Amino acid sequence: MRPLKLAMQAFGPFAGREEIDFTTLGYNAFFLIHGPTGAGKTSILDAVCYALYGTPSGSTRDEHNLRSHHAPDDLPCEVEFLCQVGPRRFQVRRSPEQILLRKGKEQKSPHKVTLIEVDADGAVVGTPLTRIGEVKEKVEEVLGFTADQFRQVVILPQGEFRKLLLAPSADKEKILEKLFATERFRRIENELKERSTALARSLEGIRNTIRGILEGQEVGTVPELESRRGELETLEKELAERSAAAAAHLKVANEALQQGHLVEEKFLRLERAQAVTASLEARRDAIDELAVRGERGKRALSLADLHEALTRDRRQSRDLAARITALEKDLVRMRGELSVAQGQQEELRKLAEEIPARTAERSTLEGHLRLMEEVAAGEQALHGAEEARQASRTAHDKAQGAIAQLEADLKASGERIEALAAEAGRRGELEERLKGMDARIAAARKLAAAVAREVTQARERETLSARCGAGEEAVHRAVARHDTLSHRFIHGQAARLARELHDGEPCPVCGSPDHPVPAGGAEDVPTDQEMDAAKTAVDAARKELDRARTALARHDISLGEARSEVNTLRQQLGTWADTPLTELEKEGEGVRTLLAEAVGKEQELAAARTDRASLDARLERARTELAQRADAVQEAAARADSLKGELAAKIAGLGGQERDPQAVRSRIASIEKFIKETADGLRMAVEEASRLEREASIRQGERDAAGKSSVDLTGRLQTGEERFVLRLAEAGFRDEEEFRAAGIPKDELARLEKEVADYRERLATARAEEAQAREACRGLARPDLEALATARTGAEGSVAEIAAEQEKARSRLDSVLQALAAIEKYQKESAEQERQYRVVSHLASLAAGTNAQRITLQRFVLASLFEEVAIAASARLSRMSRGRYHLRRAETVTDARKGAGLDLEVTDDFTGQRRPASSLSGGETFLASLSLALGLSDVVLAQSGGRYLDTLFIDEGFGTLDPETLDIAMDTLIRLNEQGRMVGIISHVAELKEQIPNRLEVVAGRSGSGVRVVC
């Protein structure tokens, strides 16, 4: 990764926007970030690290405190960083969560980030990423480093890169694990441990399962279970023999019972046949009566067609006679109606002779009516003309009055405008005055709120101070209790051991089986749980005290800020600082009221001027309207005179005739009604007479046809009556009544004949079956079925009892066989898992560090990599220390209780001795730390597999070196720069400013810092 451009806005000490173009320093630049303490040199590295990862470069700084306190409230804090990774370029813009002032209100702005890939011209390549998680993943993918790795190999934060040199093996392991991504080896350790534990649990589970199977079979060993299998197999054979004998006995009993049922069925069949025959014989008389009835019905059926035809002719004769009577009545009625219609027709013809005279009268009356309507219209027009002339005169007079009123209103409007102009002139003065008052009121409100916060925080500080005092007292009590319990625990161990002694068992201390005088007082010895609880209570009390002290320190900072804000606001208010806020607000409201009144007067003035212009326009329109009204009066008078002459001529034309229009219209309507009713009545009378004549002719034809049909039907009916009487005698019926009584429908007759035939057939069949059943029972005795069934039930019980014994024995044998099969399967599985467990548990033990060196698998891998780091670092340290010091990985274990393998020691060629790295002086520690960081960077780059390590930033530490050592350290960094890396160091050492021409000068000021590029 090579930085190209960095922009910081409202970030850290930078109140405005600061932009750094690293390309102006050169492609492989070696530059110094220089400036006074606190100016913001480290903030540049914070900005780079925050832009990429969302965290500052140092672990002590919080991302939520990155916003500059010098920046305006509405200026957002953000960082924009352009860098090159190999041939690709990436630009990231990030802003933290912050509170901004927008439109006078505080609004919370969330954490935002945008990552884009750009080409050499700055054009966007691909899709921008805006989600925090996906940006983090993309940065780690492109750079090949996490944030922690980045701070170890690219940015070496102030004071933190010494940690790798001085940290114990456990802490080094955490750092190197992230750098070299060896988590997979720790996962292997855990997987081996989990696999070993799982196998051990599985083996124990198998053993418990086998024990459970044996307990379920109520035996203690597998041989006992096999012996039980033999016993059950013998019992199964014995039961099989007994079952065969019982089955043979049951077969004989079944055959005897079956034969008894066959004989019993023959006797039952005879009884059923006798019952059927008796039942049929009982119905013989009823069946004979049905046969006689069927014979009579059959004879009546032969005459049915003839009787039906005769009945139909009789009905037709009656209907025809009734039809003739009705037609004769219709003819009489129609002849009377025709006579009446002919009389009405004659009367209407006489009235029709008056229609021509009535028509001439109607024409004369219509002409007279039109002249009367014209006279009425003339009178109405004359009346309207007179009203128009009067209205014109009234409007003329009203227009003259309106003009006089408008002239008076114009005068009053002028006077009001002069008065309003004088009152509205104070607006500018009042606005300036109100602006000053609003500013003072806003400051006074902030002061009141700040004072309230100061009071609240002072009270909270008292609470926190009391909390710290209580925490110190709690720590004292917890430590005292822990010390007391520890004393009792140590002095009570003899009694505790004595409590666990048993007669005849050796003492764990002296080995003697005799315990003549065991120590007492074991009841007062604390348990391990009580000791752990006391230690936990001490730790908890100390943590709570630390939290309370931290909260108090933070609160003191907040209280100081609150008091500073109060002083600033009081200075801003000056002499107004002691004025009550209510008085300021009251005075402000008074000024605001006066200003509102002035604004209202201005609005009234504008409205008055608008009204004045409107009055001028209205006066001009009124004068024009007055001239028009005078012309209208003259025109109305001329129109009225003209209409008077026309009306007099039309009245003279009416003469002495009827002058009432309604009477004339009524007479005309009467004439028209007479003409219409006479013509319509004559037409309808002619049509009615013609209709009656036609209908009478039709009815006469129908009467003649019906009379002829009646004569023919009477002859045919007489012939049919004679033939029917003859056929009745032939069929054996005395008269028609007897014939009707014997009649039966065809389907009923068929049913009777079938019922008789079926009966006779069933009777013959029953007599034959009774004879056969009697023959089958000849020579047989009826069996005792109950005794036979009892015998069979006894045989079945014996078979079932033996079968139950067999089922029980089979079930027990199956259970034993299943148990033996399951035990065999578990024994095979146990053997295989036992083999795996021996291998896996051994590997897990080795990987977990159960060895002489106490080195785990991951630490072994890291030790190999760290060996390479130590070799590379040693070469640089030897050069920078002029051959005196060499770094190497310590191989001896000084404390077997702690892990080892990653500790460093220094070989001093002046003394020939090895000693811990922590024994170096401050300047020597810096050189060793820098050598180790550069060596680590070399190894990480070699192990990176495609990561670009083009840049190195080092923050401070050079002030601890003497001039000669400083030159050697600078020479090392220059060589690193000559190998193709951009190297930037942060320092306020003056000698470095003289040696390094390329610089980023950080300048501090009261309103914030700035950055200047010096080449």
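Modeller: A nonpolar core is a set of buried Ala, Val, Leu, Ile, Met, Phe, Trp, Tyr and Cys residues joined through side-chain atoms within 4.5 Å. Please keep in mind throughout that this is a predicted model.

Colleague: How many residues does the largest nonpolar core have?

Modeller: Among the members of the largest nonpolar core, those with the most contacts inside it are Leu 6, Ile 44, Phe 150, Phe 958 and Ile 985. Another core lies apart from it and has 12 residues, including Ile 206, Leu 232, Ala 819 and Leu 820. The residue count of the largest nonpolar core is 100.

Colleague: Which residues does Phe 958 touch, not counting residues up to four places away in sequence?

Modeller: Phe 958 is one of the residues with the most contacts inside the largest core. With residues up to four places away in sequence left out, Phe 958 touches Phe 926, Leu 966, Leu 973, Ile 985, Ile 986, Ser 987, Val 989 and Leu 992.

Colleague: In E15, which residue is the bridge partner of Leu 952?

Modeller: Strand E10 (residues 155-156) runs parallel to E14 and is joined to it by two bridges, with Leu 156 partnered by Ile 954. E14 also pairs with strand E15 (residues 982-986), in the parallel sense and over five bridges. Within E15, the bridge partner of Leu 952 is Val 983.

Colleague: Does Ser 881 count as buried or exposed?

Modeller: Ser 881 sits in the loop between helix H19 (857-880) and strand E11 (885-889), and its side chain reaches the backbone oxygen of Leu 877 at 2.7 Å. The limit for burial is under 20% relative accessible area. Because its relative accessibility is 12%, Ser 881 counts as buried.

Colleague: Which element gives the most to the lining of the largest pocket?

Modeller: The largest pocket, with a volume of about 930 Å³, is lined by 21 residues, and Arg 67, His 69, Asp 73, Ile 99 and Glu 106 lie nearest its centre. At least two lining residues each come from strand E6 (98-102), strand E7 (105-109) and helix H13 (528-573). With four residues, the element that gives the most is E6.

Definitions and conventions: Residues numbered from 1 in each chain as written. Predicted model: local features only at pLDDT ≥ 70, side-chain atom pairs only at ≥ 80, totals over all residues. Heavy atoms only, no water. Buried < 20%, exposed > 50% of the residue type's maximum accessible area, 1.4 Å probe, protein only. Contact = heavy atoms within 4.5 Å. Pairing = 2+ DSSP bridges. Polar contact = N/O pair within 3.5 Å; in protein donor to acceptor, adjacent residues only side chain to side chain. 1 Å grid on protein atoms, 1.4 Å probe; cavity = no way out; pocket = protein on both sides within 12 Å on 5 of 7 lines; lining within 4 Å. Points joined across faces, edges and corners; volume = space filled by probe spheres on them.
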